[in-house]
Structures are given as C-alpha cells and as structure tokens.
Amino acid sequence: MGLFQGRRVLVTGGGSGIGAATCRLFAAEGAAVAVLDRDAAGAFEVADQVGGEPIVADVADPSAVRKGVDEAARALEGLTDVVSNAGVGYWKPRHTYSDDHWRAIIDVNLSGPFYVIRASVPHLLEAGGGSIVHVASLNAQRSVPGEGPYSAAKAGVVSLTRTAALEYAPSIRVNCVSPGVIATPLTAPITSSASLTQAITDAIPARRIAGADEVASVIAFLASDAASYITGQDIVVDGGSGLLGATTDRLIREFGR
C-alpha cells in the first residue's frame, strides 16, 4: 500500500519542474493524479508517465480553472488533495516591467491559486476534507532586486494559505512550500550558466542547488497523514540560503559583469 493509496490529487503546473516531480511522487505512492498545465504537451506527457488525467488549462483564466478542476474531479471521481504549483517569473529592473508583464505575474502566481482554491474547495468538502498545498517562493520572505512583482505575488500566496487554513479548518488543511533556487525550467537561466551556478552554490550552506524531487517530497509530506496536525504553515526549502544575504548579492554581481 502506498502512502497515498486511494487519494485523488490535482496538481497545477504539473507538466514540468516541481509540478511534474510532484505528480510522479504522488502516483508512485498510489494516488490517482490529474495533471493540469496550460502546456498541453507537458500535461499529456506527464499524465502518460503517471497513468493520470491530463487537464489543459491556464490558471490565470478563472473560467478555465473552474472547468479544469471540475473535469479533474469527474475523471478521478472526486478530489482529496490539491497542489497549486503553476507559476511564471521575470527578472528585470522594476521600471522596465510592462503592464502585460505585471498582469501575467499577478494573474498566474496570485490570482491563479485563488481561482484554484475557489474551484477545488467544494470538491474537497464533498470528499470529506483533504489538503491544499501551495508553492510560493523564498522570495516571499526576502527582498530580491529585479523580482518585485514576483515576490509580491508569492507573498500574497503565503497570506492566502494562512487565511484559507483558518476558513476551512478542520476539514481542509492548507499549507505552503517556499523553494529557494531549484533546478527547474524557471531557473534555467541560472542553472545553464556555470558561473551563475557556482556563484549560487558557493553561497548556499548546503553547497548545491536542489532538484525538483526534493521539493516534491516536502509537498507530499504536507499532504500526508504524517502532517495531520499541520495547517497554515509555510515551509522553506532552500538549503539554508535564506539565512544568508550573500546568495542574492553574489548572483547580482555575476549578472552585472
């Protein structure tokens, strides 16, 4: 028997990175998984890998979220857990962000989790309760030059987590994971550069950049019965980099060369 045998899990942004790793872990532990992503190829590829249900939807579109969540619930015969992971980001001086950039970041990273909660909660309550895990960011805790809109949106996700935990207790537990630098498509501009990678790893106490599966394992823990008394919490997964100001400082210096 797997850790999530009989559970029915929806993962947004499930077509790549942390979302894909989370889908694989839940499926390996016995869960039925719906893989929601706006990238159809990614959603279908991961769903095929885990024997799950592909759902093509953009979390920035409230009607698409409602339709996608309902579709997932029908396909899996209900929902017991939701992982709200979809995200986008940019790195540039604040005054160079266009209106479209701002809207894209807020719509996906902050409005998206709100839409997902709103659409998912009725299904979770119908199942007798369950869990929601959001994926925020270490940047919700720390100021990072060039990522003001992203950091603001992710801080909002942490706040959404805490208020939802209060609203839906005791039936639904709501928690959050805030990764530091993780090797995913979102961080490819860093991990594809030897000098940037070295600058980052030198400043991380763990002396390495983590893989997406290491974040997935924390998400799975928060959704599991082992975390049955944990709700409204934000768990930072960063190898200790948030303890030091040097991580961002070194990265900025490398970009400025």
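E77 is placed in the loop between α3 (62-76) and β4 (81-84); helices (H or I, at least four residues) and strands (E, at least two) are DSSP runs, numbered from the N terminus. The phi of E77 is near 60°, a positive value in a residue other than glycine. E77 counts as exposed because its relative accessibility is 68%; exposed means over 50% relative accessible area, buried under 20%, and partly exposed in between (1.4 Å probe, protein chains only).

This is a predicted model, in which local features need pLDDT of at least 70 and side-chain atom pairs count only at pLDDT 80 or more, while totals for chains, interfaces and linings use all residues. Residues are numbered from 1 along each chain as its sequence is written, and side-chain values use heavy atoms, with hydrogens and water left out.

## The chain as a whole

The secondary structure of the chain comes to nine helices and nine strands. Along the principal axes, the C-alpha atoms fill a box of roughly 55 × 40 × 35 Å. The radius of gyration is 18 Å, which agrees with the value near 18 Å for a compact globule of 257 residues; the radius is taken over C-alpha atoms, and the globule rule is 2.2 Å times the number of residues to the power 0.38.

Of the 257 residues, 52% are buried. Among contacts between residues at least 6 apart in sequence, 70% join residues at least 24 apart, where contact means heavy atoms within 4.5 Å.

## Helices α4 and α5

Helix α4 (residues 99-126) packs against helix α5 (residues 148-168) at an angle of about 15°, and their axes are 8 Å apart. Axes are lines fitted to C-alpha atoms, for helices over the stretch in contact, and angles run from 0 to 180 degrees between N-to-C directions. That angle makes α4 roughly parallel to α5; angles under 35 degrees count as roughly parallel, over 145 as roughly antiparallel, 65 to 115 as roughly perpendicular and the rest as oblique.

The crossing of α4 and α5 is right-handed, a term for a near helix turned clockwise from the far one by less than a right angle, with anticlockwise giving left-handed. Residues of α4 in the contact include W102, I105 and F114, and those of α5 include Y150, V157 and L160. By class, the contact of α4 with α5 has 15 nonpolar residues, two polar and one charged. Ala, Val, Leu, Ile, Met, Phe, Trp, Tyr, Cys and Pro count as nonpolar, Asp, Glu, Lys and Arg as charged, and the others, Gly among them, as polar.

## Helices α3 and α4

The axes of α3 and α4 cross at roughly 30° and come within 9 Å. These two helices, α3 and α4, are therefore roughly parallel to each other. Their contact is made by P62, V65, R66, V69, D70 and A73 of α3 with Y115, V116, R118, A119, S120 and H123 of α4. It divides into seven nonpolar, two polar and three charged residues.

## Backbone and loop details

Most residues other than glycine have a negative phi, and most peptide bonds are trans. R207, in the loop between α7 (194-203) and β8 (210-211), has a positive phi near 60°. A cis peptide bond, with omega about 0°, joins A169 and P170, and P170 lies in the loop between α5 and β6 (172-179).

G242 is in the loop between β9 (234-237) and α9 (246-255). Beyond its neighbours within four places in sequence, G242 is in contact with L138 and R142.
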